[in-house]
Amino acid sequence: FPPFERQAGPRKGRYAAVHVSLTAKFVIGSFVVAGATSLLPDLARSFGIAFSTWGTLFVALGVGGIIGFFLSRMFGVKFDALKRTTDRIREGDLREVDGVVRASRLPDEMDALHQGLAEMVVRLRQLVAHVQQTSRTVAVSSTGLEVGLAELRQMNEGVSATVEKVAQGVAQEQELLGQASH
């Protein structure tokens, strides 16, 4: 995905969103840290508050830590939900996937992965339904073949019995002809 991409319309009652890649989110976070590092000391000085170089470092660390905390929580929740979803799929549970991951205001690759999993589950359900239908069709065909095979066996037995009677008749006629010629 490009860093910013408008998704195609609202999905299931959700608002249309702009896709923001993970990389773009981290770059924006670093700009916030840089802005806080350079603007906060100047803002403090304009109010008459002395701000040292060490203060700037601590502001950068603090803002970076806060951004890191919120980003890691956001990613952790999404990764946990995606892991639960993949575990369910691995175990054969093909129920709806929607709603497992809450829709983001700024969707990223993890949201695209979630959407892909949801679509995969729909396709798997369709495949399973098709396989079940094919299995039922094969079972019905198999039953029909068994009935046909049983009828064929009966006809074969009838033909065998008839051939045996004909062979006996031929043998009797040869015997009678043999006796008549002596």
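I call axes roughly parallel at angles under 35 degrees, roughly antiparallel over 145, roughly perpendicular from 65 to 115, and oblique for the rest. Axes are lines fitted to C-alpha atoms, for helices over the stretch in contact, and angles run from 0 to 180 degrees between N-to-C directions. Helices are DSSP runs (H or I, at least four residues), numbered from the N terminus.

I note that this is a predicted model, where local features need pLDDT of at least 70 and side-chain atom pairs count only at pLDDT 80 or more, while totals for chains, interfaces and linings use all residues. Residues are numbered from 1 along each chain as its sequence is written, and side-chain values use heavy atoms, without hydrogens and water.

**α2 and α3**

I looked up α2 (residues 53–90) against α3 (residues 109–181): the angle is about 15°, and the axes lie 11 Å apart. The two helices are therefore roughly parallel. Contact means heavy atoms within 4.5 Å. From α2, the residues in contact include F75, F79 and L82; from α3, they include L113, L117 and V121. By class, I find 10 nonpolar, 3 polar and 2 charged residues in this contact. (Ala, Val, Leu, Ile, Met, Phe, Trp, Tyr, Cys and Pro count as nonpolar, Asp, Glu, Lys and Arg as charged, and the others, Gly among them, as polar.)

**α1 and α2**

Next I checked α1 (residues 22–46): its axis comes within 8 Å of the α2 axis, and they cross at roughly 155°. This pair is therefore roughly antiparallel. G29, V32 and A36 are among the α1 residues that meet α2, whose side includes A60, V63 and G64. The classes here are 14 nonpolar, 4 polar and 2 charged residues.
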